[in-house]
Amino acid sequence: MIKASTVTVLMAALVALLVTLGPGQSASGQADPAPPGNGIDMTASAKTLFGSERDASKQPAEPLGSYSKGCLAGGVRLPESGPTWQAMRLSRNRNWGHPETIGFIKRLSAAAARQPGWNGLYVGDISQPRGGPVTGHRSHQIGMDVDVWMRPANDLTLTLQERENIASVSMRRSGGAYVNDNWTRAHHEILKAAAMDTMVARIFVFPGAKVRMCNDETGNRTWLRKIRPWWGHHFHFHVRLNCPAGASNCVEQPPPPPGDGCEAAENWVYDILNPKPPDPDAPPPAPRPEITMADLPHLCARVLSAQ
Ligand SMILES: [Zn+2]
């Protein structure tokens, strides 16, 4: 039997421990470089908090955390329209990124404008003004991911309303095993230009497009390594940039496996065309838990509370 006095002593010790650790230190004893504060509830939904921010933080630009668990300090807004691009779905307010991402988009759109039938790019989601989790994506949290529409951007005079209503165009048939007739050599050249950009880490696109590019490429194949087959991604392709040099709080993803990855993409296509029967004993997929402020780097609380 535990005596009441023992309980009192234990409680006092626990309180002392918590006071010693403080809100900015973890129980592992690791010092926290930036204690959260300003009254931000660390159990609150990060999506809700970051989703209500209308402007970037007045801080030096820095991606904080990983592509799918992080935020963005000092974001820059991609102008709604430029000489070779238009940002789409502006009501979402997701045309914000790290300055290197904005620079990359301008560069790639200028290259796209040299393709027949293209005057530039229609740019989809980048990130919210201060990054953080967003509905409809797992990543796009640190201003280093951008979705580029597959629809050729031939008209760069679309109104804001048209940019809300116009849809992109799907490039796939047979569930993504093949490209359809909307796919052109220009798509190949634009994805190739993106992959050859030294700032780009990887590009996600449906498996049939990767196999088509593998088959059509007769020159340098090294860039194909960065083209990663993925689910969806037939209305747009997704470009992920490397962490900027010196961004010590930005978490890189391991690089793609060596080689051009063409065989793996062919295997994926085979699986699309020859689906395995569903396993009746497979457990239903577990729901993804909501990302809270405590799941993000502590510096993200600073990004929220900054001016
Ligand atoms: Zn994306």
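Two strands pair if DSSP finds at least two bridges between them; strands (E, at least two residues) and helices (H or I, at least four) are DSSP runs, numbered from the N terminus. The structure is a predicted model, in which local features need pLDDT of at least 70, side-chain atom pairs count only at pLDDT 80 or more, and totals for chains, interfaces and linings use all residues. Residues are numbered from 1 along each chain as its sequence is written.

**Exercise 1. Describe how strand β1 is joined to β2, and state whether β2 is enclosed or open.**

Step 1. Strand β1 (residues 62-66) runs antiparallel to β2, and five bridges join them. One of the bridge pairs is L64 with C71 of β2.

Step 2. The two strands make a hairpin, with two residues between them.

Step 3. Call a residue buried if 20 or more other C-beta atoms lie within 10 Å of its own, exposed if 12 or fewer, and partly exposed in between, with C-beta atoms placed from the backbone. Strand β2 (residues 69-73) is largely enclosed by the rest of the structure, because five of its five residues are buried.

Step 4. Both sides of β2 take part: K69, C71 and A73 point one way, G70 and L72 the other, and all are buried.

**Exercise 2. Find which residues of helix α6 are buried and what covers them.**

Step 1. Helix α6 spans residues 207-216, and seven of its 10 residues are buried. These are P207, G208, A209, K210, V211, R212 and M213.

Step 2. Two residues are in contact if their C-beta atoms, placed from the backbone, lie within 7 Å. The cover over the buried residues of α6 includes the helices α5 (185-196) and α7 (262-273), along with strands β9 (172-173), β10 (178-179), β11 (200-205) and β12 (227-229).

Step 3. M213 is in contact with L191, whose other partners, leaving aside neighbours within four places in sequence, are I203, V205, I227 and F237.

**Exercise 3. Locate L191 in the largest nonpolar core.**

Step 1. A nonpolar core is a set of buried Ala, Val, Leu, Ile, Met, Phe, Trp, Tyr and Cys residues joined through C-beta atoms within 7 Å.

Step 2. The largest has 60 residues, and L191 is among those with the most contacts inside it, together with V123 and I203. Helix α3 (residues 99-112) gives the most to this core, five residues.

**Exercise 4. Decide which stretch has pLDDT below 50.**

Step 1. pLDDT is the predictor's confidence in each residue, from 0 to 100. The protein averages 90, and 88% of the residues score at least 70.

Step 2. The stretch is residues 6-34, which has 14 contacts in the model beyond near neighbours in sequence.

Step 3. Where pLDDT is low, the predicted coordinates should not be read in detail.
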